[in-house]
Amino acid sequence: MSDRISTLRLFCRVARTGSFTAAGKEVDLSQPSVSRIISKLEKDLGAALFVRSTHAVKLTEAGADYLARIDPILSALEEANHLVRSDGKLQGRLRVGIAISFAFREIIPRLPDFLEQHPNLNIDLVLTDSYQDLIEQAIDVALRFGPLSDSTMVARRLAVTPRLIAASPAYLAKAGTPQIPTDLAGHQVIIGPSGMGSTGWTFKKDGKTLSVRVEGQLMVTVNEASTAAALAGMGIISTAYLVCRAELESGELIQLLTDWEIGTVEVNALLAGGRSAKPSARAFAEYLVSSFRDSASI
């Protein structure tokens with residue numbers, strides 16, 4: 001256990017299990033041996049990686065940062081070794097960061113075919129509508145809506161989906177159907193993470209731009225909740241077509257102001273590590289590019 005790679009793998013096991021004893025059992029080492037190896041690593045780095053207590057071992061801030069940087073490197077190394085010494089099939093663990101609605105509606109239904117092609121690969125879906133830091137959260141592929149700010153990472157465009165506003169038939173029967181954007185001032189609006197702004201929505205038609213101030217009783221932080229609220233008749237939502245496609249097709253939601261444009265949004269697969277991204281990350285991104293290209297028009 002003296003070589004550096006084995007030490008780093010042991011560090012990751014301790015971080016994941018929160019225990020020297022549990023990590024040691026995985027590699028047939030005693031708790032004192034694990035403690036000694038980790039202490040030497042900390043001495044070499046000149047930083048404390050763990051806070052020890054009688055009940056658990058927890059990462060320090062420096063330890064968490066080190067884990068986020070080391071974990072994807074070790075995963076990529078394991079995949080590279082496997083590709084060289086075997087038949088080239090993907091294996092290991094792929095962490096995918098993704099918005100909740102998009103995962104449920106568009107990505108999870110596409111997973112069976114991909115995993116059938118790569119039976120030795122495991123996927124962790126990290127679901128949140130919040131921004132994900134690929135390094136800190138050890139994300140291999142992040143599926144993101146909107147413009148990309150990090151030019152150092154490689155991105156593959158999956159789709160360009162229209163933005164729209166919609167409401168349920170029940171809400172429209174009660175409150176009326178807006179005919180022009182300014183009518184929205186008299187309506188309940190559900191403010192969600194995919195809305196075009198918490199206080200105003202901007203519309204375009206025939207070269208003219210019109211911004212409308214909107215208000216509502218309900219604000220949510222998860223896009224799936226805003227769709228559920230709209231289905232419950234609580235008001236009008238602004239969202240992307242891809243995350244309410246089923247409800248529009250079934251008639252449970254009605255698209256409004258269809259003769260006005262309110263923009264589009266790109267959906268990209270962002271790869272950690274750029275051009276040196278894990279083979280499984282590149283393969284997954286390519287699979288999604290192909291899948292979205294072959295699916296019905298968005």
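A: Phe104 counts as partly exposed because its relative accessibility is 47% (buried is under 20% relative accessible area, exposed over 50%, partly exposed in between, with a 1.4 Å probe and protein chains only). The model is a predicted one, in which local features need pLDDT of at least 70 and side-chain atom pairs count only at pLDDT 80 or more, while totals for chains, interfaces and linings use all residues. Residues are numbered from 1 along each chain as its sequence is written, and side-chain values use heavy atoms, without hydrogens and water.

Phe104 belongs to helix α5, which spans residues 100-107 (helices, H or I of at least four residues, and strands, E of at least two, are DSSP runs numbered from the N terminus). Together with Ile108 and Leu127, Phe104 makes a nonpolar surface patch of about 250 Å² (residues with over 30% relative accessible area and no salt bridge, with like charges joined within 9 Å and nonpolar side chains, Val, Leu, Ile, Met, Phe, Trp or Tyr, within 5 Å; areas are Shrake-Rupley values with a 1.4 Å probe, only the protein chains shown counting as cover for residues).

Glu106 and Arg110 join their side chains in a salt bridge with an N to O distance of 2.8 Å (a side-chain nitrogen of Lys or Arg within 4 Å of a carboxyl oxygen of Asp or Glu). Both Glu106 and Arg110 are buried. The structure holds 14 salt bridges.

Another of these pairs is Asp44 with Arg4, whose closest N and O atoms are 3.5 Å apart.

The axes of α1 (residues 4-17) and α3 (residues 31-45) come within 10 Å and cross at roughly 110 degrees (axes are lines fitted to C-alpha atoms, for helices over the stretch in contact, and angles run from 0 to 180 degrees between N-to-C directions). The two helices are therefore roughly perpendicular (65 to 115 degrees; under 35 is roughly parallel, over 145 roughly antiparallel and the rest oblique). On the α1 side the contact is made by Arg4, Thr7, Leu8, Leu10, Phe11 and Val14, and on the α3 side by Val34, Ile37, Ile38, Leu41, Asp44 and Leu45 (contact means heavy atoms within 4.5 Å).

Arg52 pairs with Glu42, the closest N and O atoms being 2.9 Å apart. Arg52 is partly exposed, with a relative accessible area of 34%, whereas Glu42 counts as buried, at 11% relative accessibility. Salt bridges with shared partners also join Arg4, Lys40 and Asp44 into one network.

Elsewhere, Gly263 is found in the loop between β10 (254-256) and β11 (264-271). Gly263 counts as partly exposed, at 36% relative accessibility. Apart from its neighbours within four places in sequence, Gly263 is in contact with Pro162 and Arg163. The C-alpha atoms of Gly263 and Lys204 are separated by 8.3 Å, although the two lie 59 residues apart along the chain.

These details belong to a protein with ten helices and eleven strands. Of its 298 residues, 44% count as buried. Among contacts between residues at least 6 apart in sequence, 74% join residues at least 24 apart. The protein exposes about 15200 Å², of which carbon and sulfur atoms supply 51%.
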